[in-house]
Amino acid sequence: MSDLDLLTQSLARNVKRWRTDRNFTLDALAARAGVSRGMLIQIEQARTNPSLGTVVKIGDALGISITTLLDYEQGTKVRVVPADQAVRLWHTDAGSYNRLLAGTEAPGPLEMWDWRLMPGDNSPSDPHPTGTVELVHVTAGELTLTVDGAEYRVPAGASATFEANAPHTYGNQGDVPMEMVMAVSVPPVH
């Protein structure tokens, strides 16, 4: 199955799932998103590839990110996104582009951190409150991410997301410095 087919199937499944979760009828979602009911039917039946603008409108109407709508990985607590699976949403002939590296829903505070770990170093972290999610993007070296005892390798150019309510460690088992950008989404206090 091609990448486009995977995205079309994922979009169909996710729009229907989130529309149902929100108890929206097709008509209600169409009105909220400003798209036609017919377009939503075609999307939910995986019979069309809507424009990015249409996907953004649907995501906004559902209160979720584009990443969630296009996500075809399901059910895992840790998701490593290889560099070649980052979604390029826009580009020009001159070579400009943007890539959606990784994303997750963020109902509360969101922090961004810059990290550098020298070879052999590691930084353990206690579990954060339930609902805390972390996103990392490795820019140099390789991160060894250990979450709840399971080890994941995240090389330069790749990204990962994980639920941070379990013990986790950021490590560098390589022989060059590891650098990454990290975002932390903390649930709101109720």
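Residues are numbered from 1 along each chain as its sequence is written, and side-chain values use heavy atoms, with hydrogens and water left out. As the model is predicted, local features need pLDDT of at least 70 and side-chain atom pairs count only at pLDDT 80 or more, while totals for chains, interfaces and linings use all residues.

I start with helix α4, residues 52-62. Helices here are DSSP runs of H or I with at least four residues, strands are runs of E with at least two, and both are numbered from the N terminus. Buried is under 20% relative accessible area, exposed is over 50%, and partly exposed is in between, with a 1.4 Å probe and protein chains only. In α4 the buried residues are T54, V55, I58, G59, A61 and L62. They lie on the same side of α4, because they cover an arc of only 165° around the axis. That arc is taken over the directions from the helix axis to the C-beta atoms.

L52 is also in α4. L52 counts as partly exposed, at 36% relative accessibility. Its C-alpha is 9.0 Å from that of I66, 14 residues away in sequence. After the helix comes G63, with a positive phi near 75°.

Now the rings. The structure holds 1 aromatic pair. The ring centres of W115 and Y170 are 4.7 Å apart and the planes are at 50°, so the pair is tilted. Rings of Phe, Tyr and Trp (its six-membered ring) pair if their centres lie within 6.5 Å; planes under 30 degrees apart are stacked, over 60 edge-to-face, and the rest tilted. W115 sits in strand β4 (residues 110-117) and Y170 in strand β10 (residues 168-171), so the pair links distant parts of the chain, 55 residues apart. Both W115 and Y170 are buried.
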